[in-house]
There are 2 protein chains.
Amino acid sequence: MLREFRYKQAILVRTDLRMSKGKIAAQAAHAAVSAAEECRKLRPDWLEAWLSEGQKKVILRVESEDELRRFYEEAKRMGLPASLIEDAGLTEIPPGTLTACGIGPAPFEILDKLTGRLKLL
Amino acid sequence: MLREFRYKQAILVRTDLRMSKGKIAAQAAHAAVSAAEECRKLRPDWLEAWLSEGQKKVILRVESEDELRRFYEEAKRMGLPASLIEDAGLTEIPPGTLTACGIGPAPFEILDKLTGRLKLL
């Protein structure tokens with residue numbers, strides 16, 4: 001199967017919180033749905049194209065709350081759909097902790113300008 | 001913060017594949033978005049209620065492809081939104097491997113009948 005992707009979504013996850021794999025999966029899923037909903041309002045054409053291509057996603061690591069917040073703010077400044085995830089804190093971590101950020105879907109070339117240097121989780 | 005949830009989404013992930021935490025997060029995110037899209041077609045009222053409650057999710061473990069497939073088929077039979085995730089297999093696992101299944105959002109009492117006995121990942 002050879003697919004060409006033109007759109008992707010980046011999901012940034014904090015590694016400094018040392019969350020379990022189940023917790024990370026829940027935060028990533030939350031970020032994916034929330035950023036997709038933002039995209040529906042902002043650029044429904046991007047969302048439709050991404051869904052029809054099969055929803056390419058990359059899960060990327062950030063090391064701190066500061067770094068997570070900076071990427072979120074820069075994404076907003078660039079006009080990209082983005083959603084910052086705050087955990088309800090019922091398990092593992094304190095309430096209100098920022099855990100993850102979904103950015104996009106957006107065209108590869110725009111998203112890579114922002115997140116291209118981050119490492120895969 | 002005391003929240004009352006009436007809707008949730010269950011994300012079933014295969015543990016027998018021994019995927020990395022990044023891979024698990026990507027499959028869970030994919031399942032969450034796909035099942036939410038199914039819900040949008042099937043029961044948009046459930047989707048809106050779930051989004052407005054803050055998207056309660058549980059990440060649950062299944063042990064085999066057979067078990068994953070059985071839950072998916074039973075969800076469909078019960079009229080629940082459900083989406084089975086097949087990995088493109090570019091990394092870690094063979095192409096076409098079934099990795100995860102998103103079920104819901106749906107009301108707690110209906111979803112729990114199906115997935116209530118599964119363990120958290």
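Strands here are DSSP runs of E with at least two residues, and helices are runs of H or I with at least four, each numbered from the N terminus. With that in hand, welcome to a predicted model in which chain A and chain B bury about 2,100 Å² between them. A cavity is lined by residues of both chains, among them Val33(A) and Val33(B), and a cis peptide bond joins Gly104 and Pro105 in chain A as well as in chain B.

**Where the chains meet**

- The size of an interface is often given as the accessible area lost when the parts come together. For chain A and chain B, 70% of that buried area is on carbon and sulfur atoms.
- Each side brings its share of residues to the contact: 24 come from chain A and 24 from chain B.
- Six residue pairs are in polar contact between chain A and chain B, counting pairs with both residues at pLDDT 80 or more.
- On the side of chain A that touches chain B, at least two residues each come from α1 (21-42), α2 (44-53) and β2 (57-62).
- The largest contributor to that side of chain A is α1(A), which gives 13 residues.
- By type, the residues on the side of chain A that touches chain B are 14 nonpolar, five polar and five charged.

**Charged pairs**

- Side chains of opposite charge can pair when their charged atoms come close. Over all chains, the structure holds 22 salt bridges.
- Two salt bridges are found across the interface of chain A and chain B.
- Within chain A, the side chains of Arg14(A) and Glu65(A) form a salt bridge at 3.4 Å, N to O.
- That pair ties together distant parts of the chain, with Arg14(A) in strand β1 (residues 7-14) and Glu65(A) in helix α3 (residues 65-77), 51 residues apart.

**The enclosed space**

- Rolling a probe the size of a water molecule over the atoms shows where empty space is left. In this structure there is one cavity of 30 Å³ or more.
- The largest cavity holds about 50 Å³ of space.
- Its lining is made of Val33(A), Ala36(A), Glu37(A) and Arg40(A), together with Val33(B), Ala36(B), Glu37(B) and Arg40(B).
- The elements giving two or more residues to this lining are α1 of chain A and α1 (21-42) of chain B.
- The lining residues split into four nonpolar and four charged, with no polar ones.

**Backbone details to look for**

- The peptide bond joining Gly104(A) and Pro105(A) is cis, with omega about 15 degrees. Pro105(A) sits in strand β4 (residues 98-107) of chain A.
- In chain B, Gly104(B) and Pro105(B) are likewise joined by a cis peptide bond, with omega about 15 degrees. Pro105(B) belongs to strand β4 (residues 98-107) of chain B.
- Gln55(A) is a residue other than glycine with a positive phi, near 60 degrees. You will find Gln55(A) in the loop between α2 and β2 of chain A.

Terms used: Residues numbered from 1 in each chain as written. Chains lettered and ligands numbered in written order. Heavy atoms only, no water. Contact = heavy atoms within 4.5 Å. Buried area = accessible area lost by both parts, 1.4 Å probe. Salt bridge = Lys/Arg side-chain N within 4 Å of Asp/Glu carboxyl O. Polar contact = N/O pair within 3.5 Å; in protein donor to acceptor, adjacent residues only side chain to side chain. Nonpolar A, V, L, I, M, F, W, Y, C, P; charged D, E, K, R; others polar. 1 Å grid on protein atoms, 1.4 Å probe; cavity = no way out; pocket = protein on both sides within 12 Å on 5 of 7 lines; lining within 4 Å. Points joined across faces, edges and corners; volume = space filled by probe spheres on them.
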